[in-house]
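Please open the structure in your viewer and keep the selection tool at hand.

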Amino acid sequence: MDKRRAANQRVKQCITDALFSLLEEKRLSEIRITEIIERAGVARASFYRNYRTKEDVLVTLIRDELDRYGEEMRLDQGTFYTYENMLLSFQYFRRNREYILNLYRSGFVSILLEELNRFHEAVEGSMPVASIDKYELYMYIGALLNTALVWLTQDVETSPEAIAAFFLEHVRRMMDANRPPEGGSGRRGED
């Protein structure tokens, strides 16, 4: 990594850390960009070179982490729903616990949900708009995020390995329950 790029990464990290530090004191709507810049110890131009708004700091952090996660996940088994990928998901949540909980407490977990939707849509590829099967993906994402939030806020004892195994078992059970019986129409929602 060249020196300029490394320096810019440090600036972005200082801005992110400053924003989350301020989020511990007040709501995002009450935070001014000037406060972020002052707390980060960076120039105003450095902020605007990387972000347009304070919300962009959050979105960029989430996207960067999801990109790193995407590089680690395995899709060579024909499905996203493997133990290895579930484990990576819960390790991602644990690694970013403080950021995620700050988003949650500040009422901005919807940003994370939107980015998880975007990420998983890209992983899954195109789905027919008229297909009811597309809702399975969103059910999974919602269940994944909600499980992670409860786990991160209430259960520091359970390991990522244990929660991943538990979650995968229940995802598979749900998917098996939604399969039509042999000889059925093959379409969900029909009697």
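Read along the sequence, the pattern is α-α-α-α-α-α-α-α-α. This is a predicted model, in which local features need pLDDT of at least 70 and side-chain atom pairs count only at pLDDT 80 or more, while totals for chains, interfaces and linings use all residues. Residues are numbered from 1 along each chain as its sequence is written, and side-chain values use heavy atoms, with hydrogens and water left out.

**The whole chain**

Show the surface next: the protein exposes about 11,300 Å², of which carbon and sulfur atoms supply 49%, the accessible areas coming from the Shrake-Rupley method with a 1.4 Å probe and with only the protein chains shown counting as cover for residues. Of the 191 residues, 40% are buried, a word that here means under 20% relative accessible area, with exposed meaning over 50% and partly exposed in between (1.4 Å probe, protein chains only). Among the contacts with a separation of 6 or more, 64% are accounted for by residues 24 or more positions apart, a contact being heavy atoms within 4.5 Å.

**Salt bridges**

The structure holds ten salt bridges, each one a side-chain nitrogen of Lys or Arg within 4 Å of a carboxyl oxygen of Asp or Glu. Select Glu115 and Arg63, which form one of them, with the closest N and O atoms 2.7 Å apart. Because Glu115 lies in helix α7 and Arg63 in helix α4, the pair ties together parts that are 52 residues apart in sequence. Glu115 is buried, with a relative accessible area of 6%, whereas Arg63 counts as partly exposed at 35%.

Another pair to select is Arg97 and Glu98, whose salt bridge has its closest N and O atoms 3.1 Å apart. Arg97 is partly exposed, at 23% relative accessible area, and Glu98 is partly exposed too, at 43%.

**A stop in helix α7**

Go back to helix α7 (residues 109–124) and select Asn117, which has its place there. Is Asn117 buried or exposed? Asn117 is buried, with a relative accessible area of 19%. Not counting residues up to four places away in sequence, Asn117 touches Tyr138 and Ile141.

**The largest pocket**

Rolling a probe the size of a water molecule over the atoms shows where empty space is left. On a 1 Å grid over the protein atoms alone, a cavity is a set of points where a 1.4 Å probe fits but cannot get out, and a pocket is an open set with protein on both sides within 12 Å along at least five of seven lines; lining residues have an atom within 4 Å of a point. Grid points are joined across faces, edges and corners, and a volume is the space filled by probe spheres set on the points.

The largest pocket has a volume of about 340 Å³. Select Gln9, Lys12, Gln13, Asp64 and Arg68, which of its 16 lining residues are the closest to its centre. Helices α1 (3–23) and α4 (54–72) are the elements that give two or more residues to this lining, and α4 gives the most, with seven residues.

**Two cavities**

Finally, look inside, where there are two cavities of 30 Å³ or more. In the largest cavity lies about 60 Å³ of space, and its lining includes Phe20, Leu61, Tyr92 and Leu112. The elements that give it two or more residues are α4 and α6 (97–105).

The second largest cavity has a volume of about 50 Å³; to see its lining, select Leu66, Tyr69, Ser89, Tyr92, Phe93, Leu116, His120 and Leu144. Here α5 gives the most, with three residues.

Note on methods:
Helices (H or I, at least four residues) and strands (E, at least two) are DSSP runs, numbered from the N terminus.
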